[in-house]
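This briefing describes a single protein chain for a reader who is new to structural analysis. Please keep the sequence and the model in view while reading the points below.

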Amino acid sequence: MRTRDENKICELHRRTVEMIVRDGLDGFGVNKLAKAAGVSPATIYIYYKDREDLIVQTAIRVTERMLKESLDGFDPDNMSLEEGLRNQWQNRARHFFNNPLDTQFMEKMRYSHLYDKVSKDVYHTFKEMMGRFCHNAIKRGELIPLSTEVYWSVAYAPLYQLIKFHSQDKTFGDTKFHFTEEAMEQALQLVLKALKP
């Protein structure tokens with residue numbers, strides 16, 4: 001059996017992310033990837049069943065890294081609502097700013113027919129930890145009981161909008177905006193105010 005070359009796999013995933021961000025899913029092809037990565041198409045098919053498997057495996061790898069970084073230092077059992085949310089906002093902001101291509105790639109994947117194949121396995125631990133964090137916060141009287149969808153919309157949408165404004169380099173009209181710790185903290189305090197009983 002041929003040994004997996006992890007460096008080659010990393011390079012294929014990196015190139016896949018770059019090409020899909022630039023050309024979209026419809027513009028992505030194995031032959032183009034092979035040329036960009038300096039390997040033969042046959043080499044790619046050693047590691048992946050087909051084009052779809054390559055894209056899904058790349059998205060799983062990107063998602064797993066994002067989730068790992070999101071959970072860095074996060075303690076669902078011992079952090080207060082404020083401590084946990086601040087940890088999540090800081091981790092997510094750091095990940096987005098350190099991995100802008102990954103973020104754009106996953107935005108494209110999120111609206112594709114392949115996303116269900118990515119999400120069905122990788123979110124299990126993440127969902128369990130987030131659920132436990134909310135359950136503990138409700139039990140301590142720190143959080144209003146809400147549906148997952150409403151909680152998620154209130155808890156994280158303001159952060160993602162600030163990041164989006166920063167990525168666009170402007171907000172309404174030509175108003176410039178740069179993400180700062182101060183802006184993030186101000187938005188976080190308003191979110192906490194909305195979520196607390």
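V118 has a relative accessible area of 1% and is therefore buried, where buried means under 20% relative accessible area, exposed over 50%, and partly exposed in between, using a 1.4 Å probe and protein chains only. The model is a predicted one, in which local features need pLDDT of at least 70 and side-chain atom pairs count only at pLDDT 80 or more, whereas totals for chains, interfaces and linings use all residues. Residues are numbered from 1 along each chain as its sequence is written, and side-chain values use heavy atoms, with hydrogens and water left out.

**Overall architecture**

- The protein contains ten helices and zero strands; helices (H or I, at least four residues) and strands (E, at least two) are DSSP runs, numbered from the N terminus.
- Along the principal axes, the C-alpha atoms fill a box of roughly 60 × 45 × 25 Å.
- Of the 197 residues in the protein, 42% are buried.
- Among contacts (heavy atoms within 4.5 Å) between residues at least 6 apart in sequence, 70% join residues at least 24 apart.

- V118 belongs to helix α7, residues 115-122.
- Not counting residues up to four places away in sequence, V118 touches V56, A59, I60, T63 and M109.
- The C-alpha atoms of V118 and I60 are 5.6 Å apart in space, although the two residues are 58 apart in sequence.
- T63 is located in helix α4, residues 51-70, and counts as buried because its relative accessibility is 1%.
- Apart from neighbours within four places in sequence, T63 is in contact with M106, V118, V122 and Y123.
- M106 is placed in helix α6 and is buried, at 8% relative accessibility.
- With residues up to four places away in sequence not counted, M106 touches A59, V62, T63 and Y115.
- M106 and V21 are 85 residues apart along the chain, and 9.0 Å separates their C-alpha atoms.

**Helix α1**

- Helix α1 covers residues 6-23, 18 residues in total, and reaches 25 Å from its first C-alpha to its last.
- That reach is close to the 26 Å expected at 1.5 Å a residue, the expected span being 1.5 Å times one less than the number of residues.
- At the start of α1, a side-chain oxygen of D5 comes to within 3.1 Å of the backbone nitrogen of N7.
- The buried residues of α1 include I9, L12, H13 and T16, and the buried residues of this helix pack against α2 (30-37), α3 (41-47), α4 and α6 (100-110).
- After α1 comes G24, which has a positive phi, near 80 degrees.

**Nonpolar core**

- In soluble globular proteins, nonpolar side chains tend to be buried together.
- The largest nonpolar core has 62 residues; such a core is a set of buried Ala, Val, Leu, Ile, Met, Phe, Trp, Tyr and Cys residues joined through side-chain atoms within 4.5 Å.
- The residues with the most contacts inside this core are I44, L85, W89, F105, M109 and Y151.
- Leaving aside neighbours within four places in sequence, L85 is in contact with residues including F133, Y151, A155 and L188.

**Largest pocket**

- The largest pocket has 39 lining residues, and those nearest its centre are R92, F96, R110, W152 and Y160.
- On a 1 Å grid over the protein atoms alone, a pocket is an open set of points where a 1.4 Å probe fits, with protein on both sides within 12 Å along at least five of seven lines, and lining residues have an atom within 4 Å of a point.
- The volume of the largest pocket is about 1200 Å³; grid points are joined across faces, edges and corners, and a volume is the space filled by probe spheres set on the points.
- At least two lining residues come from each of α4, α5 (81-98), α6, α8 (124-139) and α9 (148-168).
- Helix α9 supplies the largest share of the lining, ten residues.

- N91 lies in helix α5 and is buried, with a relative accessible area of 3%.
- Excluding residues up to four places away in sequence, N91 touches E69, S70, L71 and D72.
- D174 sits in the loop between α9 and α10 (181-195) and counts as exposed because its relative accessibility is 64%.
- D174 and A155 are 19 residues apart in sequence and 28 Å apart in space, C-alpha to C-alpha.

Note on methods
A polar contact is a pair of N or O atoms within 3.5 Å; within protein, one must be able to donate a hydrogen and the other to accept it, and residues adjacent in sequence count only if both atoms are side-chain atoms.
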